[in-house]
Amino acid sequence: MASKPTKYIFVTGGVLSSLGKGIAAASIATLLKNVGFKVSILKADPYINVDPGTMSPLEHGEVFVTDDGAETDLDLGHYERFLDADLTQKNNFTTGRVYSTVIEKERRGDYLGETIQVIPHIVGEIIRRIKIAGEGQDILIVEIGGTVGDIEGLPFLEAIRELRTEVGKKEAMNIHLTLVPYITVAGELKTKPTQHSVQELRRIGITPDMLICRAERPLPRELKNKLASSCGVERNSVIESSDAPTIYQVPLNFLKENILTPIYETLDLDRLKPCMDDWDELVKRVIAPRNDITIAFVGKYLGLKESYKSITESLIHAGAHLNTRINIKWVDSESLEEDGCKLLEEVDGILVPGGFGERGVEGKMLAIRYARENGVPYLGICLGMQLAMIEFARNVLGIKDANSIEFNPECANPIVYLIDSFLDSAGQKQIRTFTSPLGGTMRLGAYECQTKKGSLLREVYEGKTTIKERHRHRYEANPKYRKAFESAGLIVGGEANGLIEAIELKEHPWFLGVQFHPEFTSRLTNPNRVIHAFANAALNRKNG
């Protein structure tokens, strides 16, 4: 029996960026998944970078990493957190990757001497990638990055126009997310930006089937009717998306707006009701929890909190399951170098996240030392684990020149070093040197880790002997110093093929450093165990 063809929902954005296309797409996917459909999401990014791996976190936020080692846009993190699903590199691609593929094919002679053009070759490659992402799914939601009218986005819009024509009207729909601003001086919500954005879409051959209207204030019925009439959509297809106290409430808000009814009608689907009871309960705990704690977040990219999106979201997940609001106290690590650790005196836990570069590391080590000496629950992620080892080597083992070769390539005691070769997540040998391109020399993706019997790590993972978590780093903890560390009370709690994956303090209430990034696998309905255990330790400290 032949399987049913995949249906597509294309999500575009207008007027301006940062309106929340990713959250809207993830929310629709969550509702459809909880109906019982097999749903996935694709993010198509028009920028020319091959992937976000070398892009500044200050401009684009964090780089999200999938199980198969793809460095992707942070929206894939939202998709995974909402859907509780592991996505892959096929769920995100950029203009750069599309052009690279087409040029490689042209060089190989695959096009038999044709003149290579945006249409049909570039657009055709975009369509091919969309179809691959949709294989085996009932519904694929495709979010087109950027804003309608951006010149770099035109091939992507042409691709979804052509694809809908190819599959037929009942197999695809267009959803356009736009801004309905409130002009305070006039005391009015304005529809003109939305009308102009829809006109731009129509100019290139796309007519939206639904409008999702971002607004700071509720939309009156008359205004919704005006938008429906002027933009050519059904009245029940103008969906209000007002500001919410948490992004996880958006699916529930959409449900109240009856968003599924026009989706069912357009895609010719059975009318089914999603089961959102568990989700609703968790959202209530996020908004109005019973307890609260404060975590010191010691980092250096604090100018843009999006740089740490997965970590902050993972704390929300843990808090929901502990019925606890986790207040983040943002602490600039460089300020600790200047002012000392007074900022840490009233916190219930200290977290040092991953990062690259030497700036701010001395302040991070001051925070680690404070946690170690004062019994404050500590979680070090990636660089946060490495710095915990360097701090311990300097201040407990007395190795004053202990360092990482990331910061001092000539250091005599490299507690953290660069191994020459390693096996990647696909089992292929990779070579790393100081001159290797940054984007191609990291340990990326999910790796197995063996937990040590009796360790805090094994306890955190509820007795599992083998766990699997995602990595994104170049440098490794040097096993040469392991015996000295363990004899002084810093225990290796997890390892993988001789690589140190986790460290913990023997005589401490709760102190854990992990080389992997636990935040990448945390979801609202299924929080990561490391983050959850850390938050629980901080709660226990506060409650005495």
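Buried here means under 20% relative accessible area with a 1.4 Å probe, counting protein chains only, and strands are DSSP runs of E with at least two residues, numbered from the N terminus.

A word on the ground rules: this is a predicted model, where local features need pLDDT of at least 70, side-chain atom pairs need pLDDT 80 or more, and totals for chains, interfaces and linings use all residues. Residues are numbered from 1 along each chain as its sequence is written, and side-chain values use heavy atoms, with hydrogens and water left out.

Now for the neighbours of β23. Strand β24 (residues 499-505) pairs with β23 in the antiparallel sense over six bridges; pairing takes at least two DSSP bridges between the strands. A496 has L499 of β24 as its bridge partner. Two residues sit between the strands of this hairpin, and N497 takes a positive phi near 50°. Strand β20 (residues 443-451) also pairs with β23, antiparallel over two bridges, and Q450 has E495 of β23 as its bridge partner.

Stepping back, the protein has 18 helices and 25 strands, with helices being DSSP runs of H or I of at least four residues. Buried residues make up 59% of the 544. The C-alpha atoms fill a box of roughly 75 × 60 × 50 Å along the principal axes.

Definitions and conventions
Buried means under 20% relative accessible area, exposed over 50%, partly exposed in between (1.4 Å probe, protein chains only).
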